[in-house]
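The sequence and the coordinates come next.

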Number of protein chains: 2
Amino acid sequence: MTAADKPAADKPTVRAHFPQGSDRNIAPILVEVVRGQMVESRHRATVAIVDAEGHVVGAWGDIEQPIYGRSAIKPLLALPLVESGAADRFGLTTAEISLATASHNGEKRHTETVLAWLAKVGLTVDDLECGAHMPYDEPTAQAMWAHGERPTRAHNNCSGKHSGFLTTAVHLGEPTKNYIQYEHPVQQRLLGVLEQMSGCELGAVPRGIDGCGIPVIAIPLGNTALAMARLADPSGLPEKRAKAAGRILDAMMEDPFMVAGSDRFCTTVMHATGKKAAIKVGAEGVYCGALPELGLGICLKVEDGAGRAAEIVMGQVLKHLKVIDEAAEMKLRDVLTPTLKNWAGTPTGQIRPAADCPF
Amino acid sequence: MTAADKPAADKPTVRAHFPQGSDRNIAPILVEVVRGQMVESRHRATVAIVDAEGHVVGAWGDIEQPIYGRSAIKPLLALPLVESGAADRFGLTTAEISLATASHNGEKRHTETVLAWLAKVGLTVDDLECGAHMPYDEPTAQAMWAHGERPTRAHNNCSGKHSGFLTTAVHLGEPTKNYIQYEHPVQQRLLGVLEQMSGCELGAVPRGIDGCGIPVIAIPLGNTALAMARLADPSGLPEKRAKAAGRILDAMMEDPFMVAGSDRFCTTVMHATGKKAAIKVGAEGVYCGALPELGLGICLKVEDGAGRAAEIVMGQVLKHLKVIDEAAEMKLRDVLTPTLKNWAGTPTGQIRPAADCPF
């Protein structure tokens with residue numbers, strides 16, 4: 001099914017509200033990087049918090065601006081794997097479904113799970129069409145350098161997502177080759193999922209290629225938050241999709257190590273927030289979240305693309321919504337307001353929400 | 001000599017001119033990161049181009065904002081090494097003086113030069129008070145991992161600057177221990193140099209600690225450009241300082257590999273611009289330049305601290321001033337507008353000057 005074949009998508013109104021006097025085109029400064037006695041750098045970001053009907057609960061900056069959701073929308077991209085029946089047919093575990101949403105660290109548990117999963121489907125690492133890169137996890141990468149080992153495609157942070165794409169293709173009898181191409185049924189199916197979940201027609205919007213080779217599709221930031229809200233509160237979705245949404249978020253929250261890994265913000269925060277939040281980072285300063293208890297979706301984008309700032313903004317949004325309560329905040333202090341240290345280990349500053357952060 | 005002992009510094013007026021209707025507090029968007037058919041991220045920056053009398057030749061954003069010059073002002077921090085006579089006493093070469101201004105890659109030639117230099121002064125790598133970190137140069141770092149080698153302080157990108165500090169202290173009979181502390185004569189001498197060159201009193205301004213342990217001092221961006229202009233056109237400086245300024249810039253432009261290294265913007269651009277420009281990058285999106293033929297100084301700071309953007313802005317400033325002419329621009333295309341590729345090597349986008357960059 002191509003986008004052109006789709007019926008016109010249901011389009012909830014997602015509009016921004018702007019504080020009086022603010023310039024809708026200027027994203028507010030939400031993060032400051034402090035060194036000694038002065039703020040040294042500042043990050044601007046746009047944030048949308050939306051419910052499953054498209055009501056805007058919170059908006060800062062121009063939430064109608066189109067963004068590429070990058071890896072932050074991987075929970076949405078995992079829907080076909082579950083709703084098609086592929087996950088059940090191949091007996092996928094909670095860990096594997098969680099890994100389908102991951103930008104993982106390439107640690108041993110991540111890569112071993114990918115290889116075992118591919119074997120269940122009758123495929124190998126050679127069927128993955130993402131490139132290879134060294135694991136994000138530094139100790140793992142250093143050990144590999146020390147042993148003269150080269151990375152495989154299983155180490156690519158997206159290998160779980162790609163395993164999910166391949167599994168769905170096998171289940172539906174589609175060719176596995178070229179599954180990363182825009183024209184392939186796997187990607188056209190995802191385009192339909194994104195249209196239905198975001199409420200946008202996406203056949204003619206700007207697009208590009210992601211770090212792992214799949215298409216990226218421009219969707220307004222507020223509508224990306226809407227799509228996440230519909231994962232969090234799937235009551236308005238068709239039954240199969242609704243069940244898949246719940247299963248995917250549950251898997252992320254039950255096994256958050258698989259979503260990212262050691263010393264990663266997604267994993268650390270999900271460990272601390274239990275069943276309240278499924279959050280997912282993306283490249284270029286995007287972060288998404290689905291909050292099942294509140295029935296809300298979050299999308300934020302740092303104007304300059306900095307991941308260090310996206311984490312601080314997501315932490316602040318979760319505090320604002322009391323998903324991170326005072327007890328969790330104490331536990332998470334090192335990641336919510338990280339201390340900067342120099343090469344000798346001396347503390348030199350901090351990254352924190354901006355002094356005049358409006359929420 | 002402490003800052004308080006200094007006579008009131010000569011203060012040229014460095015004021016910004018703002019296009020009508022612009023908001024002086026908002027740095028303009030000067031860089032865009034494109035993916036496929038859409039701009040994905042944007043960087044704002046403030047830029048000052050100033051002559052040695054403090055006349056503003058170009059200004060975009062609030063150039064009176066205080067910044068930490070970080071490593072971008074290392075050419076200024078090398079002045080005492082030369083003007084004190086220390087460089088001549090120990091027979092320092094052009095390569096060593098260039099290395100005193102460096103944020104180097106930790107390649108073999110960098111570290112070997114540091115070790116030989118320290119030996120000339122009767123010191124060792126243990127006298128360096130910067131921390132150790134793996135070389136910036138990836139092949140060098142990978143080879144070290146493969147051989148189980150740990151980095152020494154000589155690999156620290158600032159080890160040349162620190163060798164210069166130690167050499168000056170030895171020459172002047174000062175203790176070498178604690179030379180990175182604010183109260184040490186080495187740092188107080190540098191404070192005086194920065195006051196004289198920038199035209200600012202700096203005894204009571206915000207300060208912090210740099211990545212390599214030395215103090216960082218807040219100086220208005222425009223005055224930082226002024227200090228660089230006085231390196232470029234030292235005709236108004238005392239004779240010893242004027243000679244030192246010329247010798248430092250010459251060393252950088254004659255041996256630009258020492259300033260940075262393989263595949264680094266500073267080195268690549270200086271190779272292409274000959275005797276026209278000495279440029280130096282700093283952390284958190286700062287870049288400075290001294291243009292001897294034009295008698296101008298440049299300082300720029302990316303609001304969000306991104307180094308990828310600081311390079312693009314510096315390239316654009318040098319094109320604006322015709323320091324990079326059309327022939328050089330052709331040669332430098334890969335670093336002025338770098339292509340982004342994904343893990344598989346497929347081109348996915350570009351970093352480039354913003355479509356509405358005002359210069």
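A residue is called buried under 20% relative accessible area, exposed over 50% and partly exposed in between, with a 1.4 Å probe and protein chains only. Helices (H or I, at least four residues) and strands (E, at least two) are DSSP runs, numbered from the N terminus.

This is a predicted model, in which local features need pLDDT of at least 70 and side-chain atom pairs count only at pLDDT 80 or more, while totals for chains, interfaces and linings use all residues. Residues are numbered from 1 along each chain as its sequence is written, chains are lettered from A and ligands numbered from 1 in the order in which they are written, and side-chain values use heavy atoms, without hydrogens and water.

**Helix 8 of chain A**

Eleven of the 14 residues of helix 8 of chain A are buried. Among them are Val186(A), Leu190(A), Leu191(A), Glu195(A) and Met197(A). The cover over the buried residues includes helix 7 (159-171), strand 6 (215-220) and helix 10 (239-254) of chain A. The expected span of a helix is 1.5 Å times one less than its number of residues. For helix 8 (residues 185-198) of chain A this gives 20 Å, which agrees with its end C-alpha atoms being 20 Å apart. Gly199(A), with a positive phi near 70 degrees, follows helix 8 of chain A.

**A sheet in chain A**

Two strands pair if DSSP finds at least two bridges between them. Three strands of chain A form an open sheet in the order 4-6-5, with antiparallel pairing. Its edge strands, strand 4 (66-68) and strand 5 (207-209) of chain A, each pair on one side only. Strand 4 and strand 6 of chain A pair over three bridges. Ile67(A) has Ile219(A), in strand 6 of chain A, as its bridge partner.

**Cysteines and a threonine in chain B**

A disulfide is a pair of cysteine sulfur atoms within 2.5 Å. The whole structure has zero disulfides over all chains. For Cys266(B), the nearest cysteine sulfur is that of Cys288(B), 10 Å away. The sulfur of Cys299(B) is 3.9 Å from the closest one, in Cys288(B), which is too far for a bond.

| Residue | Relative accessibility | Class |
|---|---|---|
| Cys266(B) | 1% | buried |
| Cys299(B) | 0% | buried |
| Thr113(B) | 14% | buried |

Thr113(B) lies in helix 5 (residues 108-120) of chain B. Leaving aside neighbours within four places in sequence, Thr113(B) is in contact (heavy atoms within 4.5 Å) with Glu96(B), Leu99(B) and Met258(B).
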